[in-house]
Amino acid sequence: MAFLIILLRLIHIVAGAFWAGAAVAYFLYFEPTAKGLGPARSKFMQDLVGTHRYPVFMNTSSMLCILAGLALYWFSSNGLSVAWITSGPGLGFTLGSLAALAAFGIGFFGIRPRAERMGAVGAAMAKAGGPPTPEQGAELGRLEAEMHAFERWDVGLLVLSLALMAISRYLSF
Amino acid sequence: MKTKPILAILLLLCGLALAGCGEQAGDEADLAFSLRTGIVEGRMAYIGVGGAIDGQINPDLTVQTGQRVRIAIVNGDGASHDLALPDLGRQTPPVMGKETAAALTFTASETGVYSYLCTVAGHRQAGMEGRLVVTQ
């Protein structure tokens, strides 16, 4: 059975690294790069979302991380023992888990639909073959602003979760 | 050519699985203790099984110097546990799943009071800690 714990930790940590790494890379590098592309931005977003399936990667890695994490939480907490949850490590892992779940909710219900909409608008623009219409331009601007606000919270919560997960086992109270 | 990495990964996984099987040989002892994991009054605990420690919560395990001692743990609650003697550098493999068991064996060489505990994060703080008392 120790093999199961090893497998769960492997999935949890690798998927978590992919999830947080992709979120941070998008926030710090992809998005600013896309902004600097000007009219080619919609093509970049369309490729990222449609061709390279960035949302699928994010959904898969985050779901795997969370499912493995929930199983590890169950086994570690001895079926949600209050004594464990209120211990130093238990509190750290619990708060870290809640931060990650909140980040997942923001990503799934906030960022994902907007990224897909941006990809769809980009595809429509590519099909029309001209510059964006005023409506398309306005929609892209609104989506961009909303996504940026969500990403800021998403990345902040993921970093908080990572930090708590990293130090929890050393909280000795 | 692609089978070699797959074979290597399979061998690694088998090795990891076998490593969790616990001590099976060379663990004859002068004195043996058995502890069962569980939850008592909302706290995690080792519960003594048999002999003078039967039913005791995190019992003191008293031994004499020179004795070969075996401490076995049986998983009574299904969570992941182990038992370690950090001061003596000894630790059982993890036990996970109800009724799985593991043991460690050592020779008590120096008098003193040593902690035994579960190394799974938070379990010591949640109650899984007791004392090994080595007397003359």
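1. In this predicted model, Ala68(A) is buried, because 20 other C-beta atoms lie within 10 Å of its own, and the cut-off for calling a residue buried is 20 or more. Ala68(A) has its place in helix H3 of chain A, which covers residues 54-76.

2. The surroundings of Ala68(A) include residues from elsewhere in the chain: leaving aside residues up to four places away in sequence, Ala68(A) touches Leu8(A), Ile11(A), His12(A) and Ala15(A). For Leu8(A), the separation from Ala68(A) is 60 residues in sequence, while the C-alpha to C-alpha distance is 5.3 Å.

3. Turning to the contact between the chains, 21 residues of chain A and 22 residues of chain B take part. On the side of chain A that touches chain B, the elements giving two or more residues are helix H1 (2-35), H3, helix H4 (82-85) and helix H5 (88-128), and the largest share, five residues, comes from H1(A). By class, this side of chain A consists of twelve nonpolar, eight polar and one charged residues.

4. Chain B holds an open sheet of four strands in the order S2-S1-S4-S7, with mixed pairing. Strand S2 (43-49) and strand S7 (101-107) of chain B are the edge strands, each pairing on one side only, and neighbouring strands of the sheet are turned against each other by 25° on average, direction ignored.

5. Within that sheet, strand S1 (residues 31-40) and strand S4 (residues 68-74) of chain B run parallel and are joined by six bridges. At the level of residues, Phe33(B) stands opposite Ile71(B) in S4(B).

Conventions
Residues are numbered from 1 along each chain as its sequence is written. Chains are lettered from A and ligands numbered from 1 in the order in which they are written. This is a predicted model: local features need pLDDT of at least 70, side-chain atom pairs count only at pLDDT 80 or more; totals for chains, interfaces and linings use all residues. Two strands pair if DSSP finds at least two bridges between them. Axes are lines fitted to C-alpha atoms, for helices over the stretch in contact, and angles run from 0 to 180 degrees between N-to-C directions. A residue is buried if 20 or more other C-beta atoms lie within 10 Å of its own, exposed if 12 or fewer, and partly exposed in between; C-beta atoms are placed from the backbone. Two residues are in contact if their C-beta atoms, placed from the backbone, lie within 7 Å. Ala, Val, Leu, Ile, Met, Phe, Trp, Tyr, Cys and Pro count as nonpolar, Asp, Glu, Lys and Arg as charged, and the others, Gly among them, as polar.
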